[in-house]
Amino acid sequence: MNVRGQKTKSTTYKTIYKIVMQIPRGSVATYGQVAKLAGISGQARQVGYALNAITDNHIPWHRVINAKGEISPRSDSAFARLQRELLEHEGIKFSSQGKISLQLYGWKPATLLNK
DNA sequence: GGTCTGACTAGGT
DNA sequence: AACCTAGCCAGAC
């Protein structure tokens, strides 16, 4: 935040973006996981909103999925298709039910420790 | 400035 | 396994 209400698009969002950008190619993280890493444990929803507000193409928003290992459905199904496409492009495989194995592709934040 | 909304989640039916 | 509910809380109106 800031004293003068400058651009503060909410430091929360910025932190979320920072975390999301840490997710390595070929891995996925859940909203809850990102929330926790961003220091806002329990506010998985905010993560979703933050991603929704993304305009920056450099943020791998598609690597964030819900706790069920599926792509969260949203108002426009076109995004879900795109997201799946992007993930498959990174080598991530979907089950017959359209789910991703978190056990297999779930991001293990050891990457963060690398600084 | 009070309400409504939602890219979530965990827990209960 | 599908569906419902209650917490959550920053934006949009």
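**Close-up views of the predicted model**

**On the other side of α3, the exposed residues include Arg45 and Asn52.** Exposed denotes over 50% relative accessible area, buried under 20% and partly exposed anything in between (1.4 Å probe, protein chains only). Helices (H or I, at least four residues) and strands (E, at least two) are DSSP runs numbered from the N terminus. The model is predicted, so local features need pLDDT of at least 70 and side-chain atom pairs count only at pLDDT 80 or more, whereas totals for chains, interfaces and linings use all residues. Residues are numbered from 1 along each chain as its sequence is written, chains are lettered from A and ligands numbered from 1 in the order in which they are written, and side-chain values use heavy atoms, with hydrogens and water left out.

**Val47, Ala50 and Leu51 are the buried residues of helix α3 (residues 44–52).** They line one face of the helix, because they fall within an arc of 95° when seen down its axis; the arc is that of the directions from the helix axis to the C-beta atoms. The cover over these residues includes α1 (11–20), α2 (31–37) and β2 (64–65).

**Tyr13, Ile16, Tyr17, Ile19 and Val20 are buried in α1.** Seen down the axis of α1, these residues fall within an arc of 160°, so they line one face of the helix. They pack against α2, α3 and β2.

**The axes of α1 and α3 cross at roughly 85° and come within 9 Å.** Axes are lines fitted to C-alpha atoms, for helices over the stretch in contact, with angles running from 0 to 180 degrees between N-to-C directions. The two helices, α1 and α3, are therefore roughly perpendicular, a term for angles of 65 to 115 degrees. Tyr13, Ile16, Tyr17 and Val20 of α1 meet Gln46, Val47, Tyr49, Ala50 and Leu51 of α3, where contact means heavy atoms within 4.5 Å.

**Ile16, Val20, Val34, Val47, Leu51 and Val64 touch the most other members of the largest nonpolar core, which has 19 residues.** Such a core is a set of buried Ala, Val, Leu, Ile, Met, Phe, Trp, Tyr and Cys residues joined through side-chain atoms within 4.5 Å. Two or more residues come from each of α1, α2 and α3, with α1 giving the most, five residues.

**Thr30 lies in strand β1 (residues 29–30).** Thr30 counts as buried because its relative accessibility is 14%. Beyond its neighbours within four places in sequence, Thr30 is in contact with Val64, Ile65, Asn66, Ala67 and Leu102.

Key
Angles under 35 degrees count as roughly parallel, over 145 as roughly antiparallel, 65 to 115 as roughly perpendicular and the rest as oblique.
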